Structure formats: C-alpha cells, structure tokens
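Please walk me through this structure in short steps.

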Amino acid sequence: MMLFETERLTYRYGNVTAIAGLTLSIREGSRVALVGANGSGKSTLLRILDGLYFGETGAVRFRGEALTEDRFAGDEFAFSFRRQVGLVFQNPDVQLFNPTVFDEVAFGPLQLGWPKPDVRQRVSEALDRFGIAHLRDRVPHRLSFGEKKRVALASVLVLDPAVLLLDEPTAALDPRSQSQLIDLLVEWGGGAKSVITATHHLGDLEDIADRCLVLDGGRLAAEGAPAEILRDRALLERSNLVHAHRHRHRSGEVHSHPHMHPGKLDPGD
Amino acid sequence: MRLLDRPGGFLEGNIEALHAGLERVLHAENSAARRGLLQPLDARVKVAGLLSLILVTATGKRLGTIAALFALAVVLALLSRISFRVLATRVWTGTLVFTGAIALPALFLTPGTALYRVPGLQWTLTSQGLTTAGYLLLRVATSATLALLLVFTTPWAHVLKALRVFRVPVVFVVILGMAARYILLLLETALEMFESRKSRTVGALDRAARRRMAVASAGVLLNRSLQLSGDVYLAMQARAFRGEVCLLDDFAMKRIDWLALAGFAGCAAAAAWAGR
C-alpha cells in the first residue's frame with residue numbers, strides 16, 4: 001500500500017517555486033531518503049507531507065486519502081493524522097517552546113488527550129531512552145545544540161508515530177552525536193515503521209534508507225537504491241551533491257576529483 | 001552578564017542589553033516557581049482576583065482608593081518575593097516615562113486654580129492638572145503592578161489555560177502564547193546577530209556605521225524572527241496543537257484558593273464602594 005503519493009504537486013514561496021510539478025510515491029514501511037542540495041525542496045516537501053503546507057496545484061494523498069486544508073479543519077482527521085505522522089524539524093529551536101524539557105516532551109501526548117498517568121510514564125521512558133533524563137527540569141532553549149536535538153527528537157518519538165519525517169536530523173551535530181542518532185533511528189520501531197529523511201549528507205544514506213529520491217529544483221531528478229544513486233557521479237554533480245575538489249601534489253601536478261562531506265564514493269575516487 | 005571587552009562599545013552595549021532582556025524574560029518563569037504568597041494559588045483565582053482589582057483601579061474615582069490599591073499591590077508583590085527593585089525597574093520606571101509623557105501636558109492645559117507659573121514660558125501648573133496627571137499615573141502604575149503580579153507568580157502556560165477557562169477566545173490565547181515565544185526568539189536572534197557582528201568587527205564603530213547597522217539589523221531581525229515564530233507555530237501544529245492549552249497539572253481549588261478568592265473579592269468590593 002502507498003503511504004504517500006504526490007501528483008503534479010506545485011508549491012511556491014511568493015515568486016520562488018519550491019516544488020515544481022512533483023509526482024512521487026512512497027510505500028508503507030519503507031525507509032526513504034529525500035536527497036538534494038540546499039533549496040532543492042526537501043524541507044518544503046516534508047512540510048507538505050505533514051499537512052502543514054498545502055500545494056498550490058496538484059494532489060497529495062496519505063494512505064489513499066487526500067491531504068487538504070479542509071480535512072485538517074476537522075479535529076477527528078487532524079488528531080488521527082498527527083497521531084500517526086511525526087515531523088522533526090531541522091532547527092530544534094523551533095520545536096522547543098515549553099518551560100521545561102519534561103513539559104516539552106509531554107506537549108504532544110497531552111494535545112492528543114492521552115491519560116495523564118500514561119503521559120508521565122511515557123515521557124519519563126522517552127527521556128531515559130534518549131539519555132536526557134538529567135535535563136528534565138531544564139529550560140529547553142538553554143541547552144546545547146546536541147541536547148536540543150535530542151529533546152526535539154524525543155518530543156516527537158514519544159508519540160510513537162507509525163510514520164516519521166526527519167529534516168536533516170544529523171545537521172550541525174558532532175560525529176559522535178551523529179552516529180548515536182543514526183543508531184537510535186535505525187533501532188527505532190525495530191525497522192517496522194516508515195521513515196522519510198531529508199538530507200544532503202550522502203555518507204548517511206545507506207544507514208538510514210533503502211530507497212533514495214533525488215530532488216533538484218523542486219523536481220524528482222532520480223530515484224533508486226542508495227548504492228545505485230551514490231554510483232551515479234553525473235547525477236550527483238548535476239544535483240550539486242558533490243563538487244570538484246582541486247589540490248596540488250608534491251610533484252606540482254594539479255589534480256581534481258569529485259568530493260563530498262563525508263566521502264563515501266567508490267574507493268577509486 | 002558583564003562583558004570585559006570594551007564595555008562602552010556599541011556592539012558590546014547591545015549584546016549586554018540583549019543578555020539582560022533574555023534574563024528578564026526567563027526571570028518571570030523563575031519567579032513563578034519560587035515560594036511566595038501568590039505562587040501556590042490556583043491560576044484561575046489569580047486571573048479573576050487580579051483582573052477584578054485592575055478593573056476597580058480603572059474605574060475608581062478617588063485618588064486615596066487607587067493609592068490604597070497600589071499599596072496593596074506592592075505588599076502582595078513583596079510577600080510573593082518580588083523585590084522592590086524589580087517593581088521599580090520593570091514597572092514604575094516605564095510607567096513614569098511613557099505615561100508621564102502623556103500626563104505632562106495635562107498639568108498645564110487643565111484649567112483650574114493656579115499653583116505655579118513656569119518662569120518665562122507663561123505655563124501655569126494648576127491644582128486640577130496635578131490631580132488629573134496623578135490619577136493617570138497612579139492608575140497605570142497600579143494596574144501594571146497588578147498585571148506583573150500575575151505574570152511573575154504564575155507559569156505562562158497556566159495563565160493561558162486559565163484564560164481559556166474564562167472563555168477567552170482560542171485565537172486570543174494563541175496570539176498571547178505566540179507573542180511570548182516571539183519576544184524570546186527576537187531576543188535570541190538579535191543576540192546571535194550582534195555576537196556574530198562583534199566577532200567580525202575590529203575597533204570602534206563610528207556614529208554613521210552604528211546608524212547603518214541599527215537600521216539594517218532591525219529589518220533583518222524582524223524578518224528572521226517572524227519566520228522563526230511561524231516555524232514554531234508549525235512545529236506546535238505538527239504535534240497536534242489545535243489552540244487549546246493542555247497541561248499535566250489539573251486546576252483544583254483548595255481551601256487556600258477559596259480563601260484567596262474571597263480575599264480578592266472582598267478587597268475589590270471594598271475598593272469599588274470606597275472609590276465610587
């Protein structure tokens with residue numbers, strides 16, 4: 001069954017087109033990476049899939065049902081959708097608006113009307129699981145970036161959504177935090193959940209996804225398995241995901257080859 | 001926080017002021033968590049009680065009654081561990097500056113018994129003018145002190161929830177909630193901007209450069225903080241926020257809350273009768 005489908009979807013910020021006639025489909029239970037350079041439309045697409053933005057033209061469907069502004073006006077659909085789909089924003093600061101870390105993680109469950117003893121228990125479990133139990137009474141916006149990111153992730157995963165949308169989850173994290181976060185996401189739900197991750201970190205692709213959708217200028221430039229996408233150097237260069245790295249050897253010879261951060265291209269590169 | 005590097009500089013001054021602003025915003029939450037007279041009371045009692053006192057202050061016709069309410073507000077603040085210094089710097093200075101500017105012409109324009117003539121200006125200070133200005137200043141200072149009592153003794157989320165209990169429309173409550181978050185974001189964004197500018201600035205800025213920077217910063221800040229606060233609202237929606245404020249703590253009236261409610265009602269009724 002298809003989890004999400006978009007059909008000739010268009011979205012604009014004023015005169016700037018972010019999504020340009022995008023047609024794609026994402027299967028239930030899949031782990032998909034939305035890959036693209038900055039400005040390729042990844043974050044906008046995630047917000048559309050989360051029912052926060054609505055396309056100007058075209059259609060978006062979630063499990064076969066149209067995602068429209070009218071449908072979100074009703075509490076029943078809105079609560080049911082929010083219970084199933086969680087979005088972790090790129091900037092954790094926008095997700096932290098409560099006075100304490102505990103309140104922050106409890107925000108979603110309370111909005112969904114969970115019984116309060118359950119909320120307390122689930123929040124405590126989530127804080128333990130993300131290693132942030134010691135921060136429970138701290139003011140969220142005074143935490144370090146890595147801690148904020150963990151709180152933001154805990155505040156969404158506490159809802160145990162069937163579908164998780166992640167916007168650049170490892171951006172601006174130190175290598176150790178990046179690897180811990182990826183381990184956590186890989187383990188989450190035992191692999192039975194659907195995870196859609198927007199990223200331009202090609203090095204993470206094979207860990208976080210079994211299928212990649214490459215976006216370029218709001219359009220689908222390619223799709224395929226991570227290894228397949230990583231092998232297509234012309235596609236990566238065209239989509240600004242790798243760049244020519246120029247350096248001088250001791251002999252004086254100037255050498256240039258494709259380069260990305262961190263590198264995971266063929267060893268021969 | 002005090003910056004040791006060129007304490008008199010334009011950028012340093014702004015950074016220090018922004019740090020102080022952030023501290024002030026966070027001070028309200030810290031103050032609400034302290035042990036004091038009003039802090040443990042049910043938020044609904046404080047909203048109803050303090051708003052009724054503000055209403056009586058606004059409609060009172062006797063200076064003595066308003067002065068008594070002002071004294072009551074100060075006593076309540078001190079018993080709630082809000083210091084005299086906080087009241088003076090956060091409330092009364094602003095009241096004096098902004099309301100004083102509005103009240104000043106009334107001193108001279110209100111006809112009545114002359115008290116003093118300003119030499120060389122032909123302006124006459126009248127007794128009635130002094131009374132009018134006194135009413136305005138005292139009313140504003142009292143109302144602002146009472147409002148500060150609510151904000152400094154109650155977590156902001158509880159104030160919003162209590163407003164919903166009193167059927168204040170969802171839109172209004174959401175706007176209030178977002179306004180608080182917007183102020184914090186604005187301060188944080190401004191702080192980052194000035195710190196980043198400082199890291200790239202060598203030497204002192206001349207007056208023209210300061211002006212240019214202030215104008216450019218204001219525009220960029222407004223845009224950035226508007227965008228960020230829009231994103232905050234989206235993040236709230238993404239976690240099922242529909243306008244209702246849901247909290248882990250349920251409101252429950254205890255004996256002390258009923259007593260406090262009776263106390264507020266008694267004070268408001270007495271002040272309304274005395275000030276009629």
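**From one bridge to two chains**

A:Glu5 has A:Arg61 as its bridge partner in S4(A). This is a predicted model, in which local features need pLDDT of at least 70, side-chain atom pairs count only at pLDDT 80 or more, and totals for chains, interfaces and linings use all residues. Residues are numbered from 1 along each chain as its sequence is written, while chains are lettered from A and ligands numbered from 1 in the order in which they are written.

Helices (H or I, at least four residues) and strands (E, at least two) are DSSP runs, numbered from the N terminus. Two strands pair if DSSP finds at least two bridges between them. Strands of a sheet pair through backbone hydrogen bonds, either parallel or antiparallel.

Now widen the view in chain A. S1(A) and S4(A) pair in the antiparallel sense, over five bridges. They belong to an open sheet of four strands. Its order is S2-S1-S4-S5, and the pairing is antiparallel. S2 (16–27) and S5 (65–66) of chain A are the edge strands, and each pairs on one side only.

Follow the sheet to S5(A). Strand S4 (residues 57–62) of chain A runs antiparallel to S5(A), and two bridges join them. In one, A:Arg61 has A:Ala66 of S5(A) as its bridge partner. A:Phe62 stands opposite A:Glu65 in S5(A). The hairpin of S4(A) and S5(A) has two residues between the strands. There A:Arg63 takes a positive phi near 45°.

What packs on the sheet? Helix H1 (residues 42–49) of chain A does, touching strand S1 (2–13), S2 and S4 of chain A. Two residues are in contact if their C-beta atoms, placed from the backbone, lie within 7 Å. The direction of H1(A) makes about 120° with that of S1(A). Axes are lines fitted to C-alpha atoms, for helices over the stretch in contact, and angles run from 0 to 180 degrees between N-to-C directions.

Next comes a helix pair. Helix H4 (residues 101–111) and helix H5 (residues 116–129) of chain A pack at an angle of about 130°, with their axes 9 Å apart. H4(A) and H5(A) are therefore oblique to each other. Angles under 35 degrees count as roughly parallel, over 145 as roughly antiparallel, 65 to 115 as roughly perpendicular and the rest as oblique. In H4(A), the residues that meet H5(A) include A:Phe102 and A:Leu110. Among their counterparts in H5(A) are A:Val119 and A:Arg122. By class, this contact has nine nonpolar, no polar and one charged residues. Ala, Val, Leu, Ile, Met, Phe, Trp, Tyr, Cys and Pro count as nonpolar, Asp, Glu, Lys and Arg as charged, and the others, Gly among them, as polar.

Turn to chain B. Its domain assignment gives domain 1 (1–33 + 155–245) and domain 2 (42–154 + 252–276). Such bounds come from an automatic or database domain assignment. Eleven residues of domain 1 of chain B are in contact with nine residues of domain 2 of chain B. H6(B) gives the most to the domain 1 side, with six residues. That side has eight nonpolar, two polar and one charged residues.

Finally, bring the chains together. Their contact takes 20 residues from chain B and 25 residues from chain A. On the side of chain B, the largest share, eight residues, comes from H8(B). The residues of that side divide into 14 nonpolar, one polar and five charged.
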